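Here is a short tour for a first look. Keep the sequence and the structure in view while reading.

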Amino acid sequence: MQTTMTSLIEINKLNLYYGSFHALKNVSMRIPEKAITAFIGPSGCGKSTLLRTLNRMNDMIPGTRIEGEISISGTDIYSGSVDVETLRKKVGMVFQQPNPFPKSIYDNIAYGPRLHGIRDRKTLDEIVETSLRSAVLWEEVKDYLKRSAFSLSGGQQQRLCIARALAVNPDILLMDEATSALDPISTLKIEELVQELKNRYTIVMVTHNMHQAARVSNQTVFFLNGEVVEYDETEKLFSNPSDQRTEDYISGRFG
Amino acid sequence: MTPRKEFDHYLDQLHEMLVDMGGRVERALADAMQSLKDMDISLAKKVIATDPDINRLEEQIEELGAKLIVTQQPVAKDLRRILAAFKIASDLERMGDLSLDVAKVTLRLEGQALIKPLIDLPRMAEIVQTMIFESIQSFVQENVDLAYKMAKDDDQVDALYKQITRELFSLMLENPLTISQSMQLSFVGRFIERIADHATNIGESVVYLVTGKRPDLN
């Protein structure tokens, strides 16, 4: 895909193995900054695996082996000198099920900044408010910051998790099926939120919902059996894909 | 039935409706021209009476297409197929109206002797009938080459139209009493020429359906 945007993430000849299973095959791509890139494909195609390589979540899975290179802002994130905690601060992640900590709304957001050494109450207050505003949750929770995060609805909990990720000031937000457990209205709210956030963050989302990818993303990557089949502007990929396999998948002929 | 099977079933139905509509329009033009040539009033009335059926088919195609967009959320070629069906149905509906306009001329000329035997207008109509048939065939077969070939025939139609208007113009100059009928006959030429343009539009829809690109076949 030809893109005039600056790429923030560069993946070069990436191969990933879970033991003997070859999960990602020779994947190369550039992901532009301050845009939304969607990964689509049938179950087991490698899209979530690739997403998890971007903040080294796969490091925790025994038997994982990686070849090739992923660089973010020019730094190879798999080089020995990279501190994984710092990387994950820069590359936040939101999961399928909202996973707030069993703490108050306030403490969920303040958790990361505190971990990174911020103790000043006023600074923390500011971070909590800014993050909740960014996640379009502030107005709904500003009077209940001391309540348990579990008192929130599923959609609110997911926005809380997004606010929590934003609190440590990341560059990149990874979303792994972040709306698949939510009702349509909550999904719409998250989608609108993501549109707002792309002006400030680079967002990479994995979704099983192709229409969500079509609605929300700027670029879409279609994966099949661990390989990138097609990577293009979302509008082009969904209106006139170049590869017949993409056409078959998005038209529901398999998968 | 899996969702895709149902979707394919309805897409086939959409196809069949367009083929049916194309056949009706082709017949309407043939009958309208025949009615004019033979001054056959009852045939002209038949053409006028069948036009609502063509209009209804357009509505049905729009309804089915809208239903498929809502229920199946089509993308890529599926989406282009439905968009092309809307456009083709709209072109065919206009072609039906223009055929009806030809038949109305027959009614207007009722009781008059033709100022000249009709040779070029029926020739023009014949070429356009073939264009209608081929435009629908190019859609059914997704045959871009046929769409281009069909559109080329529009040049012949345009040339005949020019020739007809020239001829009628000189008749009017020679004998002002022919003006009224000459005007009606030149309208007929114009109606048929417009039908041919709509056929080339169908060709454009076919190219869009197959390639995703929008050519100019006119």
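This is a predicted model: local features need pLDDT of at least 70, side-chain atom pairs count only at pLDDT 80 or more; totals for chains, interfaces and linings use all residues.

## A helix packed on one face

Helix α5(B) covers residues 144-152. Its buried residues are B:Ala147, B:Met150 and B:Ala151.

## Where the chains touch

How many residues of chain B are in contact with chain A? Nine are, and they meet eleven residues of chain A. On chain B, α1 (3-38) and α3 (76-108) each supply at least two residues of the touching side. The largest share comes from α3(B), with four residues. By class, this side of chain B has four nonpolar, two polar and three charged residues.

## An open sheet in chain A

Now to chain A. Six of its strands form an open sheet. The order is β6-β7-β8-β3-β9-β10, and the pairing is mixed. Strands β6 (91-94) and β10 (227-233) of chain A stand at the edges. Each has a single partner strand, so one side of each is left without a neighbour in the sheet. Neighbouring strands of this sheet are turned by 20° against each other on average, direction ignored.

Strand β6(A) runs parallel to β7(A), residues 172-176, and four bridges join them. A:Gly92 has A:Leu173 in β7(A) as its bridge partner. Helix α6 of chain A, residues 154-166, lies across both β6(A) and β7(A). This helix runs at about 170° to β6(A).

## A strand with two partners

Strands of a sheet pair through backbone hydrogen bonds, either parallel or antiparallel. Strand β1 of chain A (residues 7-18) is joined to β2 of chain A (residues 21-32) by eight bridges, and the two run antiparallel. They form a hairpin with two residues between them. In the turn, A:Gly19 has a positive phi of about 60°.

Strand β1(A) also pairs with β4 of chain A (residues 64-72). This pairing is antiparallel too, over eight bridges. Which residues stand opposite A:Tyr18? In β2(A) it is A:Phe21; in β4(A) it is A:Thr64.

Conventions: Residues are numbered from 1 along each chain as its sequence is written. Chains are lettered from A and ligands numbered from 1 in the order in which they are written. Two strands pair if DSSP finds at least two bridges between them. Axes are lines fitted to C-alpha atoms, for helices over the stretch in contact, and angles run from 0 to 180 degrees between N-to-C directions. Two residues are in contact if their C-beta atoms, placed from the backbone, lie within 7 Å. Ala, Val, Leu, Ile, Met, Phe, Trp, Tyr, Cys and Pro count as nonpolar, Asp, Glu, Lys and Arg as charged, and the others, Gly among them, as polar. A residue is buried if 20 or more other C-beta atoms lie within 10 Å of its own, exposed if 12 or fewer, and partly exposed in between; C-beta atoms are placed from the backbone.
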